[in-house]
Amino acid sequence: MKNGRGKLQLKPRNPKETLLRLFGYFKFNKFLFFGGILFIILSSLSQIAANGMLSPIIDSLVEDQDKGLFIKYILIMVAMVLSIGVSQYIGNLSMARLAQRTIHRIREDMFSVMERLPLAYFDRHSHGELMSTFTNDVDMLNQSLEQSVAQVIISVVTVLGTFIMMIYISPLLTLVVVFMLVVMLFATRFVGKRSAKYFRNQQGQLADMNGYVEEMMTGQKVVKVFNYEERAIDDFTDRNEELRKASTNASTFGVMLMPLMGNLSYILYGLVAMFGAFLVIQGRVSIGNIAAFLQFTRSISRPITMVSNQLNTLLAALAGAERIFNIIDEEEETDEGDVELVEDCTGKRGLCWRVPKDDGDYDLVPLRGHIAFENVDFGYLPGQRILKNVSLYAKPGQKIAFVGSTGAGKTTITNLINRFYEINEGTIYYDGIDIRRIRKHDLRSTMSIVLQDVHLFEGTVADNIRYGRLDATDEEVKEAAKLANAHYFIKHLPDGYDTYLEADAENLSQGERQLLSIARAAVANPTILILDEATSSVDTRTEKLISEGMNKLMEGRTTFVIAHRLSTVRDADAIMVLEQGEIIERGDHDDLMEQKGRYYALNTGAIELK
Amino acid sequence: MRQIVPYMKKYLPYAILTPIFMILEVLADIAIPYLMSRIVDVGIESRDVAYVVKVGSLMIVVAFIGMIFGIISAYFGAKAGYGFASEVRLETFKKVQGFSFANLDKFSVASLITRLTNDCNTLGQVTMMSLRMAVRAPFMMVFALIMSFTINSSLAAVFMVSLPLTALIIVVVLTKARPLFMEMQTRVDKVNAVIRENLAGIGVVKSFNRQDYEEAKFKKRNDSLMNTALKAISMIVFVMPILNLIIYGTIIAVLWYGGQQVVAGSMLKGELISFITYITQVMISLMMISMFFMQLLRGIASKDRILEVWNTESEIRVVDEPIKEVVDGSIRFDNVSFRYPISKEYTLRNINLDINSGETIGIIGSTGSSKSTLVQLIPRLYEVTEGRVLVGGVDVRDYDIKTLRDEVAFVLQKNTLFSGTIRENMQWGMEDASDDEIIKALKQAQAWEFVSKYKDGLDHVVEQGGSNFSGGQRQRLTIARALMKEPKIIILDDSTSAVDMATDARLQKVFKEELADITSIIIAQRISSIQYADRIIVMHEGEIESSGSHDRLLEISPIYREIYESQKKGVIGE
């Protein structure tokens, strides 16, 4: 299912489409985009012109110099140089701003889509994988947008412009330059190909190393307990050596371009000087022409080096952009419901479902918390049957418990009630309404879930409780905490309710986190409560505290409980024993004990030992 | 620096040769404009074609040699840089392997991962850059300056203005931009924190309908990131245009003054042209130096983070002549008090406890009663603060730590399986264990019943963290892995919480009957998991409240009675 350690795609599958898509983002900043390009082109042209001015200036340095002309040339050059400065600043600034704004928007789009993806998506993709797209890929794209786009434009303009200037000054000398440029292009391609290969290899090794290190560091305490250190070091040494070789190769070829191109351009410089000298001797060009040409050879080889240097990064960035767009294109959770929750219940107190009828009129059904499953079939993957023909009902205010071994489908049932997943067959009714007709937002707003793996958010303790209902007052937050028996420990935290919890809330014990999540559920004041192994990581004494609060919380609410500990389900109105996706026994505790079936066996397992 | 540099030793020849070849390349690069000026001033002036060919060929040869030197230097630099990085990475990994639990508590897992991966890579890159750029740029600058002064010292005076000016601008921009970039990094971290949090808690977000709320939170941080980034960038984009202005300004100044000298006959045209090339070389070198400093800062930050790992000393001391045999599985706590190194308060106070070899001990108590802490002292995962812990009659501090931990198997509460196969995971307990031995342990841990159902049996793949198994299966596999060690003592720290009751009961039976000669210590939440232990210890707020058999505790321990009352409801026939 997860492919977090799989090799990363480094080459874009469809570069053209991705590029177009990317350019699509520029439409939000047309002014920056076109203005930026304009000024970058202007700065490149000014640079060519400034270099070109060397030719007349140097040629004007003769004994009977026309001082006026000399000053005029110098002034033209000064103007060109000022133009380089100003247009380069405006151009670069525009491109950098464009990049930032684009990335900002892409990030926002990604996050917004992520929030609305169905849960099934997160089953298929590991957190690490998604996180890497959010950070590495976005980062890479940012850098490329900031530098590469401008770089490519500058290169094209510089090469073309310089070429025109050179042909204008001396077609013959241009021939020499063209010859060397071809050589340089071949050299670049030669190195570039190998470099790309080694670069990919290095990225693969890096990903391997990251995966390995992540796993080992996570399990480091296990390593200690098993005296596994030496074997781990041996293993690591091998991988480390592989990575070293890959990095050395990749970096050698990556860095090699610099001396290679730099010196090839010096060879070109030498050739120009030599052939230029012949031509001067023959009287075909002037010394000033050579001076300008020499400056051109430097400025024309730089773009080639730059672009070839960045080609790999650029391709990798495009591949990353593809992954980004894949997320953005992912289908969001559907919500076709037309039944809404309304406060106006025509005279009665409380909330009502507003059920539209075909004739444009609507019925008002009071919200009570009645749940019914009718022949429900479900599988997480196509063709899979996790739940088979499940039928059950819960009357408002009843407590329904699910018992069964791991993988029997207990959690799955609760995941269907709030429509985290879509059922394949059958129907689930909520107060007699098919839940598919109910707007998801309204459906979920009537339910609270307390899970075994508590997830808290960065923020204060009060913020975390208030997550259940954003407009809860401080007093209500405190009430909820008291109900969940969390008030006592919160009071003893350094800053009480204002204690700041870091992302993982590692400063709280498992039990305390659990208490907070119960308070969070309580403040939401739900009609339906789902407790999934909610107390299994709390010790029995704390559990006792919780169960008192929980009993108060459950009053008047339909509650679904999943628990390992049979003691917590004993007083349920109905207990469903699940086995491989089917309800094999149902009834209250006394009924089931009488049946002497699976439930009975589970309960008495401990006693057999005696 | 002194601490980390010795790790270059293995690659020292490369580290020395890299800058040498670099300097040779620089010399070639410097010679070329000079040769060019000879062609113009001598060759063209005297119309001597042979001279032009001679010097021109020389230029090409020099450039070619420069290229070879440059490529060699690139290769050696990569070898030295990444070789060094790999040595440092290995050393860091070794260091972490030597960490005690207390050390591991200090560093978060994520931070250790970053240090081993990103920081080491950065170090390699920066080392390579230092060996090349940090040599190339200053040498290039100095040589080019020397050449300019030799050609025309009065003209070279322009550098007196342009060099300090450039340096000043670079320094000002960098010092202004640095804090902005650092702030940008914190904002990036904040944006990532929201993403990570939402990925982990997507279920919570959805069930509370908090998508819009989270999006607003994200938007705020994303906006503030962009604003800082824009500020930082407007500083940085200043650099290039200004530098261009200075370079071309210098060229114009040289053309102006030099041009007049050429007209006056005190300077040659070729010299003037080569002078212009030298200006470019000097300025570009200066820019490279500034870029290098930015890289260096990154490298230093990485180095510091790595050294933080290196300089963390394990508090676990090794005695001179450690004992290499554990005679039996008896355990004794002798007036033990303990507090975590990071904490001020004592977690355990005055613990006295005698456990006979082969006894089965259950430990129960509320969270925070320090049950886990107590048992972690037995394989010396933490060092006692006061008193002593004896295993087999010997203070745990006198043992060879490997011997001790081989005999004390510990199933951690937060346990992990590693990616690979079931067999490979089992072999953690015993290298080269045979299939029969593995199956035996799996059977004892009640894991064989589901492992045997896999078509590929022991070769069944375990995904990272054992994510393809249910909680209960994972726990049984980790118990089996511990049993593979054939220890004298086994400790289960709340390791059966996800196992269903019937299986749990069978497990207990195995520990009590089949593994009767192993001392077993079982921490549990449910009384049913330990009810039949030889002795049950009730922990309360870092002290032993009482101990005894199930029946005795029901009589004497109010805490035990309370726990029992709350749990017995589910059990009939009491």
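This is a predicted model: local features need pLDDT of at least 70, side-chain atom pairs count only at pLDDT 80 or more; totals for chains, interfaces and linings use all residues.
View 1. Chain B is more spread out than a compact globule, because its radius of gyration is 36 Å, well over the 25 Å that the globule rule gives for 574 residues. Trace the C-alpha atoms along the principal axes and you will find that chain B spans about 120 × 55 × 50 Å.

**View 2. Burial and contacts in chain B.** What share of the 574 residues in chain B is buried? Buried residues make up 49% of them. Now look at the contacts in chain B with a separation of 6 or more: 78% of these join residues 24 or more positions apart.

**View 3. An open sheet of four strands in chain A.** Follow the strands of chain A in the order β5-β4-β7-β8, and you have walked across an open sheet with antiparallel pairing. Which strands sit at the edges? They are β5 (387–394) and β8 (433–434) of chain A, each of which pairs on one side only.

**View 4. Strands β4 and β5 of chain A, side by side.** Here β4 of chain A, residues 371–378, pairs with β5(A) in the antiparallel sense, and five bridges link the two.

View 5. Helix α11 of chain A, made of residues 410–417, lies across β4, β5 and β7 (425–430) of chain A. At what angle does helix α11 run to β4(A)? The angle is about 115°.

Conventions: Residues are numbered from 1 along each chain as its sequence is written. Chains are lettered from A and ligands numbered from 1 in the order in which they are written. The radius of gyration is taken over C-alpha atoms; the globule rule is 2.2 Å times the number of residues to the power 0.38. A residue is buried if 20 or more other C-beta atoms lie within 10 Å of its own, exposed if 12 or fewer, and partly exposed in between; C-beta atoms are placed from the backbone. Two residues are in contact if their C-beta atoms, placed from the backbone, lie within 7 Å. Two strands pair if DSSP finds at least two bridges between them. Axes are lines fitted to C-alpha atoms, for helices over the stretch in contact, and angles run from 0 to 180 degrees between N-to-C directions.
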